[in-house]
Amino acid sequence: MAFGLPGFVHGKKAFRRSLSGIKEAASKSTTIPKGYFAVYVGEEQKKRYVVPLSYLNKIAFQELLSMAEEEFGYDHPMGGLTIPCREDVFIDITSQLK
């Protein structure tokens, strides 16, 4: 006589899906889409932003890069491009670039 555990199988599939979602989210947090780059912004606590490469052509963004060059040169403490300005200022400037 055979018996099944349909709830167990369904639960196992749901568990696999949740694990794959975690792996997918983790890979998305470190993957930068083509045509974008990551910058770290903030004075004390740095927050990571992914911005389009087209910002490199904008005068306002180039001024932020000049600030970063003056502050850090080519030695960025976060390992990536760090922009030394307040987060709200960065958001205001980049929201005008779109």
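## The sheet

Three strands make up an open sheet of mixed pairing, arranged in the order β2-β1-β3, where two strands count as paired if DSSP finds at least two bridges between them. At the edges lie β2 (47–52) and β3 (81–83), each of which pairs on one side only, and the twist from one strand to the next averages 40°. Strands here are DSSP runs (E, at least two residues) and helices are likewise DSSP runs (H or I, at least four residues), both numbered from the N terminus. Strands of a sheet pair through backbone hydrogen bonds, in either the parallel or the antiparallel sense.

The structure is a predicted model, in which local features need pLDDT of at least 70 and side-chain atom pairs count only at pLDDT 80 or more, whereas totals for chains, interfaces and linings use all residues. Residues are numbered from 1 along each chain as its sequence is written, and side-chain values use heavy atoms, with hydrogens and water left out.

Between β1 and β3 the pairing is parallel and runs over three bridges; the bridge partner of Y40 in β3 is T82. R48 has its place in strand β2 and is partly exposed, with a relative accessible area of 30% (buried means under 20%, exposed over 50% and partly exposed in between, with a 1.4 Å probe and protein chains only). Although R48 and L81 are 33 residues apart in sequence, their C-alpha atoms are 9.7 Å apart in space.

## Helices on the sheet

Helix α2 lies across β1, β2 and β3, and its direction is at about 100° to that of β3. Such angles run from 0 to 180 degrees between N-to-C directions, the axes being lines fitted to C-alpha atoms, for helices over the stretch in contact, and contact means heavy atoms within 4.5 Å. Helix α3 (residues 87–95) also packs on the sheet, where it touches β1, β2 and β3 and makes an angle of about 10° with the direction of β2.

## Aromatic pairs and cluster

Four aromatic pairs are found in a search of the whole structure; rings of Phe, Tyr and Trp (its six-membered ring) pair if their centres lie within 6.5 Å, and planes under 30 degrees apart count as stacked, over 60 as edge-to-face and the rest as tilted.

F37 is buried at a relative accessible area of 14%, and F61 is buried at 0%. Together with Y49, Y55 and F90, the residues F37 and F61 form one aromatic cluster.

## Salt bridges

The count of salt bridges comes to two, a salt bridge being a side-chain nitrogen of Lys or Arg within 4 Å of a carboxyl oxygen of Asp or Glu. In one of them the side chains of K47 and E87 meet at 3.5 Å, N to O; because K47 lies in strand β2 and E87 in helix α3, the pair ties together parts that are 40 residues apart in sequence. K47 is partly exposed at 43% relative accessibility, and E87 is partly exposed at 27%.

R86 forms a salt bridge with D88, and the closest N and O atoms of this pair are 3.0 Å apart. R86 is partly exposed at 44% relative accessibility, while D88 is partly exposed with a relative accessible area of 39%.
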